[in-house]
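Here is a short briefing on one structure. Look at the sequence and the model, then read on.

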Amino acid sequence: MAWKKLHDVGPLFRTLRFRLASTFLILLTAVLGVVGVVGTQTLHTILENQSEQTLHEQLSALKGWIRFEDGDPIWFMDPADSEAVAEVSRLQTVYVVANDEGHIRYVSSDPGMKDLYDRKTILSEMAQIERTNEPIIKTIISKDKIPYQVLSSISVDADHDKKWYFAEGRSLAGDELILRRFRRNFFIFLPIALVVCALVSWYSAGAGLRGLQSVEKAAQNITGSNLGLQIPKRGANDELDRLIDSFNQMSGRLQESFEQIRRFSTDVSHELRTPLTAIQGQLEVADRKSTRLN
């Protein structure tokens, strides 16, 4: 039973309508796949650039709130200023201030961020910053598996000719949440779009092939009495209209040819009628004479 159903469906897969619709659907799937990959990568790049820009701004703000007095960095803000306190608290979420020997002066209170204030790492980064004259950006993972992007650079206490290590970080959990939502929405949208496009492509292919179906029906209806059958054109002046026009011209030529054959047959029968009648008369006379002799 299943084989019979499969056999009945088989011819559908060989139809021009199915091939046109499936080709369009395959191309659309490939395009949407590329759009999804490129869109995800583009969004990731945008979020990464925005994160780096935010970190540069936060690191500059961190350095702006700290001043050096007697060779020691201190927070320079008015405790009565609620906006200043709020901004400093935000900057203190993930940060480090250390001297040129790697000893910590200020650090965020999160105990899960030990990688942030490792002394060997601080000294290594300070050496690299001095060598390249470029800040260092890195990603660390806290104990609760949250990624943080950290930007580090050096600030100089000119009065005491002393270098200080500054690092400022921000959580990437929000950026990853945006990426996950984008992927989720895309994978929800993809099958819906494919189903809708499959229906539209099937309908469009059928509508585009109606001209061929009219030619097929006309060819099936042609008999000796209506050889000049004409199919009305759709007025689109496309390939199907040109096919219909060619079919109509062929029908006209066929009708004209058969009319010529019919006229020729009529003329021949008319021309042969008199001599055949005379021969028939002579045969009858001869037959009567032979009868009398006998």
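**The largest pocket**

α2 gives the most to the lining of the largest pocket, with four residues. The model is predicted: local features need pLDDT of at least 70, side-chain atom pairs count only at pLDDT 80 or more, and totals for chains, interfaces and linings use all residues. Residues are numbered from 1 along each chain as its sequence is written, and side-chain values use heavy atoms, with hydrogens and water left out.

Pocket space and lining

- The largest pocket holds about 160 Å³ of space. That volume is the space filled by probe spheres set on grid points, joined across faces, edges and corners.
- A pocket is an open set of points on a 1 Å grid over the protein atoms alone, where a 1.4 Å probe fits, with protein on both sides within 12 Å along at least five of seven lines; lining residues have an atom within 4 Å of a point.
- Its lining includes His44, Glu48, Thr139, Asp175 and Leu179.
- α2 and α5 (173-208) are the elements that give two or more residues to this lining. Helices are DSSP runs (H or I, at least four residues), numbered from the N terminus.

Helix packing

- Helix α2 (residues 16-65) packs against helix α3 (residues 82-91) at about 120°, with axes 10 Å apart. Axes are lines fitted to C-alpha atoms over the stretch in contact, and angles run from 0 to 180 degrees between N-to-C directions.
- In α2, Gln58, Ala61, Leu62 and Trp65 meet Ala84, Glu87, Val88, Arg90 and Leu91 in α3. Contact means heavy atoms within 4.5 Å.
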